[in-house]
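Work through the exercises below with the sequence and the coordinates open beside you. Each task is followed by a solution that goes step by step.

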Amino acid sequence: MMQRITDHFPLPWSPLSSKEVARIDGLTASEAIDRLDLPEHQRQLLRSFWALYFNG
């Protein structure tokens, strides 16, 4: 499911120029983690890491 970042952002200096952005823009971090083929304990670990990133 992982794709190259350049598939979504071919022009990193102009991120909204890609139509792919609209497809992933409403996706939450938790939803993106759920899309990964990971065991539940790894998904929970990723959620805890991202909670720290977002909340300091």
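Predicted model: local features only at pLDDT ≥ 70, side-chain atom pairs only at ≥ 80, totals over all residues.

**Exercise 1. Describe the overall fold and how spread out the chain is.**

Begin with the secondary structure: the protein has four helices and zero strands, and along the sequence these follow the pattern α-α-α-α. The radius of gyration is 13 Å, well over the 10 Å that the globule rule gives for 56 residues, so the protein is more spread out than a compact globule; here the radius is taken over C-alpha atoms, and the rule is 2.2 Å times the number of residues to the power 0.38.

Next, take the extents: along its principal axes the C-alpha trace spans about 35 × 25 × 15 Å. Buried residues make up 9% of the 56 residues. Among contacts (heavy atoms within 4.5 Å) between residues at least 6 apart in sequence, 10% join residues at least 24 apart.

**Exercise 2. Find the salt bridges and state which parts of the chain they join.**

The criterion is a side-chain nitrogen of Lys or Arg within 4 Å of a carboxyl oxygen of Asp or Glu, and a search of the whole structure finds two such salt bridges.

One of them pairs aspartate 34 with arginine 47, whose closest N and O atoms are 2.2 Å apart. Because aspartate 34 lies in helix 3 and arginine 47 in helix 4, this pair ties together parts that are 13 residues apart in sequence. Aspartate 34 is partly exposed at 43% relative accessible area, and arginine 47 also counts as partly exposed, at 26%.

In the other bridge, glutamate 40 meets arginine 43, with the closest N and O atoms 2.5 Å apart. Since these two residues are three apart in helix 4, about one helical turn separates glutamate 40 from arginine 43. Glutamate 40 is partly exposed at 38%, whereas arginine 43 is buried, with a relative accessible area of 18%. When residues up to four places away in sequence are not counted, arginine 43 touches Ile33, Asp34, Leu36 and Leu38.

**Exercise 3. Which residues do the ring pairs link into a cluster, and what is the geometry of each pair?**

A pair of aromatic rings is described by the distance of the centres and the angle of the planes. Rings of Phe, Tyr and Trp (its six-membered ring) pair if their centres lie within 6.5 Å; planes under 30 degrees apart count as stacked, over 60 as edge-to-face and the rest as tilted.

By this rule there are two aromatic pairs. The rings of tryptophan 50 and tyrosine 53 have centres 4.9 Å apart and planes at 80°, so this pair is edge-to-face. Tryptophan 50 and tyrosine 53 are three residues apart in helix 4 (residues 40-55), and therefore about one helical turn separates them. For tryptophan 50 and phenylalanine 54, the centres are 5.7 Å apart and the planes at 35°, so the pair is tilted; these two residues are four apart in helix 4, again about one helical turn.

Taken together, the ring pairs link Trp50, Tyr53 and Phe54 into a cluster. Tryptophan 50 is partly exposed at 37%, while tyrosine 53 is exposed at 58% and phenylalanine 54 is exposed at 60%.

Conventions. Residues numbered from 1 in each chain as written. Heavy atoms only, no water. Buried < 20%, exposed > 50% of the residue type's maximum accessible area, 1.4 Å probe, protein only.
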